Amino acid sequence: MAKPEMGTKRLCMACAARFYDLKKPKITCPKCGAAHDLDAATKARKTRRTAEPPAEASPSPAGE
Ligand SMILES: [Zn+2]
């Protein structure tokens, strides 16, 4: 188990370095300095069911 104070383990999208975000609002890769979009990462992770259903599969007949 990782230390919670280290934050979340991240994988740099630029140089593939593994590091912890240290719970900082702005994540920057300590190796290459690439900035990470925390919002995008959070959204990708927290995919809730309450979100709108997939547009493709919508066999909703007229009337419900
Ligand atoms: Zn990097």
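Let's start with Gly7, which is partly exposed because 15 other C-beta atoms lie within 10 Å. By that count, a residue is buried with 20 or more other C-beta atoms within 10 Å of its own, exposed with 12 or fewer, and partly exposed in between, with C-beta atoms placed from the backbone.

Please keep in mind that this is a predicted model, where local features need pLDDT of at least 70, side-chain atom pairs count only at pLDDT 80 or more, and totals for chains, interfaces and linings use all residues. Residues are numbered from 1 along each chain as its sequence is written.

So where does Gly7 sit? You'll find Gly7 in the segment before strand S1 (9–11). Helices (H or I, at least four residues) and strands (E, at least two) are DSSP runs, numbered from the N terminus.

And which residues does Gly7 touch? Leaving out residues up to four places away in sequence, Gly7 touches Tyr20, Asp21, Leu22 and Lys23; contact here means C-beta atoms, placed from the backbone, within 7 Å. For Asp21, 14 residues apart from Gly7 along the chain, the C-alpha atoms of the two are separated by 5.4 Å.

Now the whole chain. We have four strands and one helix, in the order β-β-β-β-α from the N terminus on. Of the 64 residues, 3% count as buried. Among contacts between residues at least 6 apart in sequence, 2% join residues at least 24 apart.

Last, confidence: pLDDT, the predictor's confidence in each residue, goes from 0 to 100. The chain averages 79, and 61% of the residues score at least 70. Strand S2 (residues 18–20) has the highest mean, 94, while helix H1 (residues 38–45) has the lowest, 62.
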